[in-house]
Amino acid sequence: MSTEMLEVSGLTAGYAGPAVLQDVSLDVNAGELVGLLGANNAGKSTLINCVSGLIAPRAGRIRFLGEDITRLKPDQIVARGIVQVPEGRQVFPRMSVLDNLLLGGTLPAARADRVRRLEQVYALFPRMQERSAQYAGTLSGGEQQMLAIGRAMMAGPKLLMLDEPSLGLSPLFVQSIFRALRGLNAEGLTMLLVEQNLTLTLSCATRGVVLERGQVAIAGDAAALAADPRTRQAYLGL
Ligand SMILES: Nc1ncnc2c1ncn2[C@@H]1O[C@H](COP(=O)(O)OP(=O)(O)OP(=O)(O)O)[C@@H](O)[C@H]1O
Ligand SMILES: [Mg+2]
């Protein structure tokens, strides 16, 4: 029996104008890697930004480890263990790799573990140790993605949410990023992975959810989704 970690129910949210997300429900159990898939503008980022507290939903409820977090502020949500790797990486270009990493571990709860966590990040991405003194802005896109993931890991996440980590990266970097994510999940880290790369995501996810124009079009076991022709149809918005 798996334990429910994140429970999103009946979520409706958007910006000015009509709602972008309509009555979206999704669960992530402890230890899972859930892929959140969908075409451009499907509402993937909007959904995880609601979970992070960056967008206030119009209706619905978000629970994490049994607690209602729907109306909490972003810093309160991070403090509970939900950490997001944002779309487009958003590292601080004029700061060193090391300083970017240390910034991820500044919360009181994370501070005591900074040295140990830094060692873990360097073990996960040896390249970050090689480049630790370098300005983050001088890293390649793939290295910046490693840094963004490393920074999130410094906060000691219970649930790691990643927004399109493969976007714009060369195939080699995509492979090493996904290898790292698989490794973290195998060690027990729970993840919600937003991706456009359907095949790669379903190859490492336990379950998948496909959003189509702000609604859940199809959801289920990753292997079943990969085999179901409706997945590709929904994904392409057909
Ligand atoms: N800050 C914003 N203000 C107004 N509308 C927005 C904003 N951000 C996103 N939207 C709109 O909400 C809808 C869903 O966008 P969202 O970014 O959630 O999609 P997505 O699935 O993450 O797409 P992508 O794969 O391109 O990142 C789109 O129609 C988009 O134009
Ligand atoms: Mg997005």
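How are α5 and α7 oriented relative to each other, roughly parallel or roughly antiparallel? The model is predicted, so local features need pLDDT of at least 70 and side-chain atom pairs count only at pLDDT 80 or more, whereas totals for chains, interfaces and linings use all residues. Residues are numbered from 1 along each chain as its sequence is written, and chains are lettered from A and ligands numbered from 1 in the order in which they are written.

Helix α5 (residues 114-124) packs against helix α7 (residues 141-154) at an angle of about 150 degrees, and their axes are 9 Å apart. Helices here are DSSP runs of H or I with at least four residues, and strands are runs of E with at least two, numbered from the N terminus. Axes are lines fitted to C-alpha atoms, for helices over the stretch in contact, and angles run from 0 to 180 degrees between N-to-C directions. Angles under 35 degrees count as roughly parallel, over 145 as roughly antiparallel, 65 to 115 as roughly perpendicular and the rest as oblique. The two helices α5 and α7 are therefore roughly antiparallel.

In this packing, Arg-114, Arg-117, Gln-120 and Val-121 of α5 meet Gly-150, Met-153 and Met-154 of α7; contact requires C-beta atoms, placed from the backbone, within 7 Å. The residues of this contact comprise three nonpolar, two polar and two charged, where Ala, Val, Leu, Ile, Met, Phe, Trp, Tyr, Cys and Pro count as nonpolar, Asp, Glu, Lys and Arg as charged, and the others, Gly among them, as polar.

At the level of domains, whose bounds come from an automatic or database assignment, the protein chain divides into domain 1 (4-81 + 158-236) and domain 2 (92-156). Ten residues of domain 1 are in contact with eleven of domain 2.

Notes. Contact = placed C-beta atoms within 7 Å.
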